[in-house]
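Take a look at the chain below. This report walks through some of its helices and loops.

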Amino acid sequence: MTDLKNDIFLKALLKQPIDKTPVWMMRQAGRYLPEYREVRAKAGSFLNLCTNPELACEVTLQPLERFDFDAAILFSDILTIPDAMGLGLYFSEGEGPKFERPVRTRADIEKLPIPDPAAELRYVTDAVSLIRKELNGRVPLIGFSGSPWTLTTYMVEGGSSKSFQKVKAMLFEQPELMHQMLDKLAQSVAAYLNAQIEAGAQAVMLFDTWGGVLSTEDYRDFSLNYAKQVRALLKTEQDGQQIPTVLFSKGGGLWLETMADAGYDALGLDWQTDIAQARQRVGDKVALQGNLDPIALYANPEVIRQKVGTILEKYGTGSGHVFNLGHGILPDVNPEHVKAMVDAVHQLSPQYHQ
């Protein structure tokens, strides 16, 4: 398929035959690793780490030195696009991301630029190129972006939110404004992902972290429709190779059938979705990625192995499954427990691929 030494991740996303289930992990380059914390301290801030291609490359590769992951994921942040739009991204200790200039009015939306990935986001594409070179065909590299809806939540709220009061008020009271903003973001996200693909990303993932806070009809109109728009704009072939696409809507288990029609090759599942039922519901339309409860990694290695075995058994035989957590790993997980998960996937999954 490629000149990769290990391409089972890409093959699984395309439902091609493989000999074992591939595994990677959301936030696999992160604070649970002491070597990451050292580089983060050297960078001086999280944003400095994200915007330095050499350091972003270093932390992207760190988990592959420890664990037998079947893919690397670009180290970056989902809020790079709003930052490039000039909203003044900063991080408050213990409070997460914030924007100096939230988007609240028609005038705010109208003056939002569509960032040029070759200019304002060049540090990301430089990191992708460098990581791809350093990987040297070891495993594929995943690029990613936040979804238009998820980016909108941060941009309107001015940061993280529990109630999503401001962004939902705009959605309910001024839906045409919301559509205008989402359309602009869909164009920006597609251009950004296409730039990552051109720079060397071999698969791309859309993180719709807050899709699940919407009602069914609002999810369809304000989240999924724009995920579809992004997908329609993606150039999913590069250098003669197909670039698989993954859509992950946290809390989206209710809507798998409509998500499966959005054009993506795979759907990410959170841990509250039963993977056996999910496979039944989507049939052969898409591959599935997931979905161990991230908290299970606090359990002892034998329990982790049992939980891995249950998910593999529920998915059943054949390709089309990428093992992952149902959301990102938490910062104080013991790295040895990650190793237990990865090893269990590789040891227990071959029986499902005979």
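## Ground rules

Axes are lines fitted to C-alpha atoms, for helices over the stretch in contact, and angles between N-to-C directions run from 0 to 180 degrees. Helices (H or I, at least four residues) and strands (E, at least two) are DSSP runs, numbered from the N terminus.

This is a predicted model, in which local features need pLDDT of at least 70 and side-chain atom pairs count only at pLDDT 80 or more, while totals for chains, interfaces and linings use all residues. Residues are numbered from 1 along each chain as its sequence is written, and side-chain values use heavy atoms, with hydrogens and water left out.

## Helix α7 and its partners

Two packed helices are described by the angle between their axes and the distance between the axes. Start with α4 and α7. Their axes come within 8 Å and cross at roughly 45 degrees. The two helices are therefore oblique to each other. Angles under 35 degrees count as roughly parallel, over 145 as roughly antiparallel, 65 to 115 as roughly perpendicular and the rest as oblique. The crossing of α4 and α7 is right-handed. Contact (heavy atoms within 4.5 Å) involves residues of α4 including Cys57, Leu61 and Leu64, and residues of α7 including Ala127, Leu130 and Ile131. The contact of α4 with α7 holds 10 nonpolar residues, one polar and three charged. Here Ala, Val, Leu, Ile, Met, Phe, Trp, Tyr, Cys and Pro count as nonpolar, Asp, Glu, Lys and Arg as charged, and the others, Gly among them, as polar.

Now take α7 (residues 122-135) with α10 (residues 175-199). Their axes come within 8 Å and cross at roughly 30 degrees. So α7 and α10 are roughly parallel to each other. On the α7 side, Val124, Thr125, Val128 and Ser129 make the contact; on the α10 side, Tyr192, Ala195, Gln196 and Ala199 do. Five of these residues are nonpolar, three are polar and none is charged.

## Two helices with a buried face

An α-helix has 3.6 residues a turn, so residues three or four places apart point the same way. Look at α2 (residues 34-43). Glu35, Tyr36, Val39 and Ala43 are buried there. Buried means under 20% relative accessible area, exposed over 50%, and partly exposed in between (1.4 Å probe, protein chains only). Seen down the axis of α2, the buried residues fall within an arc of 100 degrees, so they line one face. The arc is that of the directions from the helix axis to the C-beta atoms. Glu38 and Ala41 are exposed on the face turned away. The buried residues of α2 pack against α3 and α4.

In α9 (residues 165-173), Val167, Met170 and Leu171 are buried. They also fall within an arc of 100 degrees down the axis of α9, so they line one face. Gln165, Phe172 and Glu173 are exposed on the other side.

## Loops to check

Which residues does Arg104 touch, leaving aside those up to four places away in sequence? They are Val156, Glu157, Gly158, Lys166 and Met170. Arg104 sits in the loop between β3 and α6.

Phe164 lies in the loop between α8 and α9. Its phi is positive, near 55 degrees, though it is not a glycine. Phe164 is buried, at 4% relative accessible area. The peptide bond from Gly290 to Asn291 is cis, with omega near -5 degrees.

How values were computed: A crossing is left-handed if the near helix is turned anticlockwise from the far one by less than a right angle, and right-handed if clockwise.
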